[in-house]
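Trainee: I would like to learn how to read a few features of a structure. Please show it to me first.

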Amino acid sequence: LAGLAVLCLAACWLDRLVAVMPALLASALGVCLGLQMESPQIAWYVGLSGALYGAWAWLSAELAASRSPPLHVRGVAGLACLAIGIKAALGLGSPAILGDLPVAHQAHLYGYAGGLVFAACSLMRPYCGRRRPTRAT
């Protein structure tokens with residue numbers, strides 16, 4: 001919940017709060033599809049961590065691609081996006097907090113991928129508008 005609260009605060013600061021829920025849903029869809037297609041050995045999954053990885057990846061990518069913050073802020077955001085992906089790919093975590101509970105690390109990677117797809121769609125949206133044909137008069 002703390003990660004979700006900080007994500008919402010950061011999105012509010014960037015004036016992107018309305019996109020948090022679609023980013024979470026897209027990341028959760030990535031987790032669902034990934035676990036169903038690539039990891040049939042997982043019988044059940046519960047949690048928000050994969051969707052949070054994706055939402056953080058989306059927000060970092062969006063900040064890195066934005067023109068309004070200074071270059072060093074965009075660079076740090078880009079590095080943060082890469083760090084999130086590396087952490088998800090390597091399955092690094094803090095199991096001491098969870099005790100003996102199993103962690104589905106691949107859900108983090110699938111959520112990250114879903115967040116990147118959402119970020120790409122979000123960033124490409126201004127360029128995908130319909131062009132109306134002009135009529136010669």
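Trainee: In which helix does S122 lie?

Mentor: Some ground rules come before that. This is a predicted model, in which local features need pLDDT of at least 70, side-chain atom pairs count only at pLDDT 80 or more, and totals for chains, interfaces and linings use all residues. Residues are numbered from 1 along each chain as its sequence is written, and side-chain values use heavy atoms, with hydrogens and water left out. Helices are DSSP runs of H or I with at least four residues, numbered from the N terminus. S122 lies in helix α6.

Trainee: Is S122 buried or exposed?

Mentor: Buried means under 20% relative accessible area, exposed over 50%, and partly exposed in between, with a 1.4 Å probe and protein chains only. S122 has 18% relative accessibility, so it counts as buried.

Trainee: Which residues does S122 touch?

Mentor: A contact means heavy atoms within 4.5 Å. Not counting residues up to four places away in sequence, S122 touches R16, W58 and E62. The C-alpha atoms of S122 and W58 are 8.8 Å apart, while the two residues are 64 apart in sequence.

Trainee: How many aromatic pairs does a search of the whole structure find?

Mentor: Rings of Phe, Tyr and Trp (its six-membered ring) pair if their centres lie within 6.5 Å; planes under 30 degrees apart count as stacked, over 60 as edge-to-face and the rest as tilted. The search finds one pair. The ring centres of W58 and F118 are 5.9 Å apart and the planes are at 65 degrees, so this pair is edge-to-face. W58 belongs to helix α3 (residues 49–65) and F118 to helix α6 (residues 105–124), so the pair ties together parts 60 residues apart in sequence. W58 and F118 are both buried.

Trainee: Where is V31 found, and with what is V31 in contact?

Mentor: V31 is in helix α2 (residues 20–38). With a relative accessible area of 4%, V31 is buried. Beyond its neighbours within four places in sequence, its contacts are Y45, G50, A51, A107, Y110 and G111. Between V31 and Y45, 14 residues apart along the chain, the C-alpha separation is 9.7 Å.

Trainee: Is L82 buried or exposed?

Mentor: L82, found in helix α4 (residues 71–90), counts as exposed at 51% relative accessibility.

Definitions and conventions
Helices (H or I, at least four residues) and strands (E, at least two) are DSSP runs, numbered from the N terminus.
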